[in-house]
Amino acid sequence: MQEDGDGGDGGVVVGVGVGQCSVNDLPDELVAMVCAYVNLSTLFACMVTSKLFHRAADAPQTWYLRCLQEGFADAEASTENNWKQLYQQNMWSWDPQFKHPLVSLEERNTVARSSGTCQSGYFGKTVLAKHGFVSGRHMWGIHVTGTEAGCYSSVGVATRDINLQTDHVGYAENSWGIGLSPSPERPSGPHRAQVPLRLEHDALATFELDLDKGTFVINEDGQQRAKWTDLPTDLAATGKRLYPLVSTCHHSREMYTLLAPRAATRVLERRLQKT
């Protein structure tokens, strides 16, 4: 048996006797099926290995299968639609069905705007992302803009057990997060970082969630600000998911843009270039 070698165009060649088999000989449909079942970070890494994987990773069939897995598409649906766009819109958008009444959504539900003041007795205003995670490793970003964050405004993850009107991330069960206010005076929570983000008028938080290891990391402008190692790794057995979320103070007025991994990376690079 010959050693593996360069198959041209980034393909791997395995020789058996006098015959050779290259990954580039695989039909596009089969490679698309492989691309449909890997996580996004692996998918993007595959795209730069060869023209074959680049085609497959961008193929409508790949994104149709990914939509099918996440429940964004029907099994009987046509594959002629823009499945990649549909996937991105559903994967990285706020949920119009799971938000506080005083949170409005804009720009295809990617921007959540906190406005108005809650009625007496209401603690805050919360909105969850449309898509949640049950296993694997995931990364996303939230770009926060506004004049002033309220003393209880925060970002993080939670299950849909959270109360949209009375709970705040880090205080409620099955929620983890960090505050946005620079004020050191804040109640402590079992899963709430004690040191808040340094939000003034503009902040970028990026999130790294690993549900295989049970870890959750929050970074601000590329610097780690909080880390937890006690997240559940058995969500599949419980039927629950963890969702990115924003929980705002009852009087705060900010905008929160949910960013896909590559978009968050581009925003971070631009911000670091200005510093």
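Two strands are said to pair if DSSP finds at least two bridges between them, and strands (E, at least two residues) and helices (H or I, at least four residues) are themselves DSSP runs, numbered from the N terminus. In that sense strand 12 (residues 215–220) and strand 13 pair in the antiparallel sense over 5 bridges, and Ile218 stands opposite Ala226 in strand 13. The model is a predicted one, in which local features need pLDDT of at least 70 and side-chain atom pairs count only at pLDDT 80 or more, while totals for chains, interfaces and linings use all residues. Residues are numbered from 1 along each chain as its sequence is written, and side-chain values use heavy atoms, with hydrogens and water left out.

- An open sheet is formed by 7 strands in the order 5-6-15-8-11-12-13, and the pairing is antiparallel.
- Strand 5 (103–106) and strand 13 (223–228) stand at the edges with a single partner strand each, so one side of each is left without a neighbour in the sheet.
- From one strand to the next, the twist averages 20°.
- Helix 7 lies across strand 8, strand 11 (202–210) and strand 15 (254–259), and runs at about 140° to strand 11, where angles run from 0 to 180 degrees between N-to-C directions and axes are lines fitted to C-alpha atoms, for helices over the stretch in contact.

**Helix packing**

- The axes of helix 3 (residues 51–58) and helix 4 come within 4 Å and cross at roughly 50°, and the two helices are therefore oblique to each other (angles under 35 degrees count as roughly parallel, over 145 as roughly antiparallel, 65 to 115 as roughly perpendicular and the rest as oblique).
- Ala56, Ala57 and Asp58 of helix 3 make this contact with Pro60, Thr62 and Trp63 of helix 4, contact meaning heavy atoms within 4.5 Å.
- Helix 2 and helix 3 pack with their axes 7 Å apart and at an angle of about 135°, which makes helix 2 oblique to helix 3.
- In this second packing, Leu43, Cys46 and Met47 in helix 2 meet Phe53, His54 and Ala57 in helix 3, and the residues of the contact divide into 5 nonpolar, 1 polar and no charged (Ala, Val, Leu, Ile, Met, Phe, Trp, Tyr, Cys and Pro count as nonpolar, Asp, Glu, Lys and Arg as charged, and the others, Gly among them, as polar).

- The largest pocket holds about 580 Å³ of space, a pocket being, on a 1 Å grid over the protein atoms alone, an open set of points where a 1.4 Å probe fits, with protein on both sides within 12 Å along at least five of seven lines.
- Of the 27 residues that line the largest pocket, Asn39, Leu40, Ser135, Arg137 and His138 are the closest to its centre, and lining residues are those with an atom within 4 Å of a point.
- Helix 2 (40–47), helix 4 (60–70), helix 5 (83–91), strand 8 (137–146) and helix 7 (261–274) each supply at least two residues of the lining of the largest pocket.
- The second largest pocket has a volume of about 390 Å³, and helix 5 gives the most to its lining, with 5 residues.

Key. Points joined across faces, edges and corners; volume = space filled by probe spheres on them.
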